[in-house]
Amino acid sequence: MDDNEIIDISPDESENADPESPQARRQFLEPIVQRVVGALGGHSENGYRMGDQVNGCLKDLKKLWRQDETDDDRTVARMFWETRVLLNDLVPVLLVTAGQGFVEDKRAIACADLMTAMTWPIDMAEELKELDDELDSKADYTELLQSHLHYKAAILKPGVLEALFGIALLPLTKKPNERTERDGQIVNVVLHLVRNLAFIKDLPANMFLSADHAQFSAMQSKFIRMLSDSHMLQLVLTIAANSDNDPLFDSWNTIVLEIIYLLSRGVQPSSLALDQSTRPAADLQRLLAQEERSKRQTLRQAPTRHSRFGTTISVKLNPNKKQAQVTGTNVADAAGSSEHSKQSHTFVIHRQEGITGETGALWDKSKRQKAWKGHKVDELASHETLSVEARRVLQEFASEFLEECFNSFLSTLLKDIRAERAKITEKDNLRLLYVTKWFLDFFLSRRSLATKSKLQAVKSTNTDEGLDSRRYGFRLVAEVLERPWIIWVLKRMREAADVKPKAWTELQAGIECLTELLLLIDSMFSVDVSDSTLSEAAEILQQQLVYSGEVLDVTLESLRSYKEGTQSLVYLNSSVHLAYALLKMLEKWAKGKGQGEVYVRKKKTAKGRKKRAGRDDEVPDEEEPQEQEDDDVVHETMFTFEAFEMKFAQADITHTLLVYLSRYNDFTNSEQMRRVVSLLHRQAVRAKAEGLFFKVSTLNLFKTILADKVSFPSDQPYKDLVNLINYILRQFFKALEQEPFLAVEAFFPKNRGNWKQYSSWEPPSKGENSKTVKDNRLPQEVQIKKGYSWSDQVGIAIAALVEAGQTELVLWTQEVLQTAKAARDRIIEEVDKKDDVDSDEDINDPNTRSKLLGPSVDAQAKLTDYLIPYLSDEHADAATKNPNLKLLFRLCKCYILDEDAEELEWYVPAAILPTELHSMITVITQFLETPFDLEGKKAAQLMSKKSRRRRRAKAPESDADEDEDEQEPRKRKKREKQTKEEAQYKSAQFIEDSDAEYGDINSFLELEKKRREKAENLAAALGEGKSGTMKSTGTKKRRRKTGDKGKSRTGKKKRKGEKLEVEIDPADSSQSLSSSSEDEPETRSATNGDGERLVDDRSEVPTERSRPRPKPKPKVNANPPLRMDSLVSQSSSPSPSRGVVEDQTEDDEASTKSISRRTKGRLILSDEDE
């Protein structure tokens, strides 16, 4: 073929084609494609023989392929498939060139490039979105998908993948400084070709179809085997392991991620970790068991041998009523009438099941079934059926990747994602979540199997010493335990939930990844590993996950938001598994940590954001100051496992669990039943929310399950399910007896707390503080049952200690009481000896006096509490944790110094006199010599456990270096609360039985005398009916204008002692209080409605202890006359340093209260506020 005959498709020729006519386009391009394909070469007796211008023909084919970039119908791709160019020409050319060792041949590289383009994945969802409803109404992608299957089968011929590996290997052998851009492009093309082949799915297996169909249903297994034989998998591992060292390898980490994702999708990691040699036998046993179970189910409902004679059963409805006369003409009319429904009817059933079965169930079978929309099985990965050889290859590949590449590969990908590199696409986040989840599951399964085999062989404890740390150590997956990784997972889940519509597929991948992370942390925490740092790291991770609170919210929301038909069944299974794993981990962790010591970050409300969003659309009247957000202020709340478990008592979560339970026939193992039964048990029993199940649909499901319980496996979860259902049904009928209307309520949903009235749930008592939690740190205390005297109770407590072999503790208690008695006898003797000088001779002896009259008042005042000393650690531990010893201490009237202390300290109160201590010692001695008669019972049978004490939750301690800006909101709220309390109880500070607060009383009385005389003289001068304390003019001030500083509306200066009237609108009251708290002490300023600035100067400096500002009061017409007690309050200062007011005018001015007056939208304070 000459150069002149090479056809060059110019852009001008392609533009002349009519894009609206696919037939014209095809007629134009079809002869060109056939001529170019024909010039590539052909087969002969000696094999394939290339044409003279193969290189040019390959370039022309690439130009022709680019014509489909603007063609939705893919005309050129269809013609390439019709000419079979890849099967008949490209593969043979590749084998002749690169297959013979000529890996640098441009023809081989061009063939690889064309093969990559022709096998590029077809995203059907995106393709269908881009189609036009009218122009592309007849678009058909079936032929293109079928062509990809044949392309994959052709490339999987012997020698093709080896030739492609040779093309990619040569650029990698060069030194980094010698590589060119073309070298990177060649490797990139080969990797994309491997990705394309892995993307092509096999056809579903069907033994009744052709041999070609059987070949196309097993190509993935052949592809994985040939990847291993051609060393392609080793190339993928090499790139993944060195992506953090070589920039060229780092540029391929996304394509390697996609290859690993496509190879592992649909493969269960737990089954891949097993011994693959026993896989066929296990599958056969599983299938036989499934078949046997289905046969038993069929035989239970199958007719007997007598059915061949036929069965006719007559069922009579309303037998006591009159028989309905229905003819053939009015059957439909009579059936719908009310009179017809009240009459007797006879129905005939021709099924033998009617003899023993329920008639209603047989009638339901004859009804027309409603069309049911099929469930989505799994949108993330489909199930793949691989051969044993392929699974063995994939197992080795996963093990090597986990041991050599996992941490470094994930760190580079996360770094690129956080840096928002151009090569990162949205689907890469989904693939990374899935791959991480897959390898974590594989690691945990492999480690669990290794641990079980070691335990069976050695029969030792569950330690980590016998396992190979290089293969089973937790350091292999250390990257996912880092804080940035966990933050990224939660962020992706949050974004997937916030987008509209929600990205359920990515949310499912995040839930599965989070579940495996929780299982990994629980495994680290529960296993006794040799490295103590691992258990500490696991505990810190658990604390951080609980503290953030986001994992808890995600778990609840994933169950609450499930709707049938919207999410897949695997999403439902993942949500149930996450809730089961989280609750199990939290329950175990809470028991170890104790209650009341864990805090979680309080979830921020969206009210402020909504308000700000609403104001963004409005134009403000004036510029508002920007509100500084308290991003650094963290609000915490107490976390208790019981409260979190109570959050699961929701109708939506119950509905999701029941939907999952209704598919019990599809469960593949008993572990799925264990999870759902555990969650249902937490709702019905632990949370006492059995009312959630009192619905007709739920009761019908329980009825179906109980009818099928005969066919259940003998595993424990199925037995627990039957017991749980029986418990719920007993509670239902018990509630039905108490509330007959529950039969009607069963037809309505139990949301919004309607289930509480029918459940055993009880609201918390009103006196119970919400900030108190049960103290589970110490063993539960005991008490003696009722009906025993004090001495008998002491005898029972001593008997309990003696039975437990703790007689030494009784003797220690006796010794403590003797020591306390001796110390108090010594004090009483010393004090009372001084008072015996003037006493009579017959009672001069202190001991005789103490017995007859008791210790004196002075002696009792000298007595102090006796703190019980701990002479050993055993005594300290027993006094803190031994309930029997604590009972004996309490009977001996000993008390605890601090209930919240880690080690309890006991003391004998000072009010216990030596005579009482002597009687206690005597009783203990008697019961040690003659034990209490238990009448053949044990001491524990005469005791009962006390309810646990509730202690106040510890408030979170603020850091010492906390900024003032962070503390300001708390201080402001505290000041407002104190101001409110002082305003309500302001008179309480003067009610004290002391004269020191008022200074010199003589000066005060003299001043009061002068005031009374002045008031009487003024009243006499005014005349009869006038008061000397009433003001002559009103006190309401006018609004000032600019320049009228210090003057009233009339232009006169305000007199001293005059009081102003207050008139405040209710709407302005809150503004006045908030503004007054922020004003300066000396000068207060405000702005009126016209923008003028009004300044109110203070002539007096406020004192150290400022009086609280009174609340605004309604307008007062006249001031009441001054009373003596009010004068005392006004003229007196709470601080002794202020002294006494010298004259009447100063006292009137100092006693004037802070007054507010109303302006346009503002509160202006008066001149004489202080």
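A residue is called buried under 20% relative accessible area, exposed over 50%, and partly exposed in between, with a 1.4 Å probe and protein chains only. The structure is a predicted model, in which local features need pLDDT of at least 70 and side-chain atom pairs count only at pLDDT 80 or more, while totals for chains, interfaces and linings use all residues. Residues are numbered from 1 along each chain as its sequence is written, and side-chain values use heavy atoms, with hydrogens and water left out.

**Cysteines**

C405 is buried, with a relative accessible area of 2%. C892 is also buried, at 1%. A disulfide, defined here as a pair of cysteine sulfur atoms within 2.5 Å, is not found for C892: the nearest cysteine sulfur belongs to C894 and lies 5.9 Å away. By this rule the structure has 0 disulfides.

**Salt bridges**

A salt bridge is counted where a side-chain nitrogen of Lys or Arg lies within 4 Å of a carboxyl oxygen of Asp or Glu. The search of the whole structure finds 38 of them. The table gives three of these pairs; helices (H or I, at least four residues) and strands (E, at least two) are DSSP runs numbered from the N terminus.

| Pair | N to O distance | Separation in sequence |
|---|---|---|
| E781 and K886 | 3.2 Å | 105 residues |

D246 counts as buried at 15% relative accessibility, and R179 is buried at 17%.

R471 is partly exposed, with 32% relative accessibility, whereas E403 is buried at 19%.

The side chains of E781 and K886 form a further salt bridge. E781 lies in the loop between β7 (772-774) and β8 (782-784) and K886 in helix α42 (residues 883-891), so the pair ties together parts that are 105 residues apart in sequence. Both E781 and K886 are buried.

Beyond these pairs, R195, E258, D428 and R431 are linked in a network of salt bridges.

**Surface patches**

Patches consist of residues with over 30% relative accessible area and no salt bridge; like charges are joined within 9 Å and nonpolar side chains (Val, Leu, Ile, Met, Phe, Trp, Tyr) within 5 Å. Lys and Arg count as positive and Asp and Glu as negative, while His and the chain ends are not counted. The place of a charge is taken as NZ of Lys, CZ of Arg, CG of Asp or CD of Glu.

E808, D873, E874, D898, E903 and E905 form a negative surface patch. One of its members, E874, lies in helix α41 (residues 873-881) and is exposed, with a relative accessible area of 56%.

A nonpolar patch on the surface is made of V696, F741, V744, F747 and F748, which together have about 550 Å² of accessible area. Accessible areas come from the Shrake-Rupley method with a 1.4 Å probe, and for residues only the protein chains shown count as cover. V696 lies in helix α34 (residues 696-707) and is partly exposed, at 36% relative accessible area.

**Backbone geometry**

Most residues other than glycine have a negative phi, and most peptide bonds are trans. A cis peptide bond joins K500 and P501, with omega about -10 degrees. P501 is found in the loop between α25 (483-498) and α26 (504-526).

R84, which is not a glycine, has a positive phi of about 55 degrees. R84 lies in the loop between α4 (75-83) and α5 (85-97) and is partly exposed, with a relative accessible area of 31%. K688 is likewise a residue other than glycine with a positive phi, near 55 degrees. K688 is placed in the loop between α33 (670-686) and α34 and is partly exposed at 41%.

**E916 and K893**

E916 lies in helix α43 (residues 914-929) and is partly exposed, with a relative accessible area of 24%. The C-alpha atoms of E916 and K893 are separated by 9.9 Å, the two residues being 23 residues apart along the chain.
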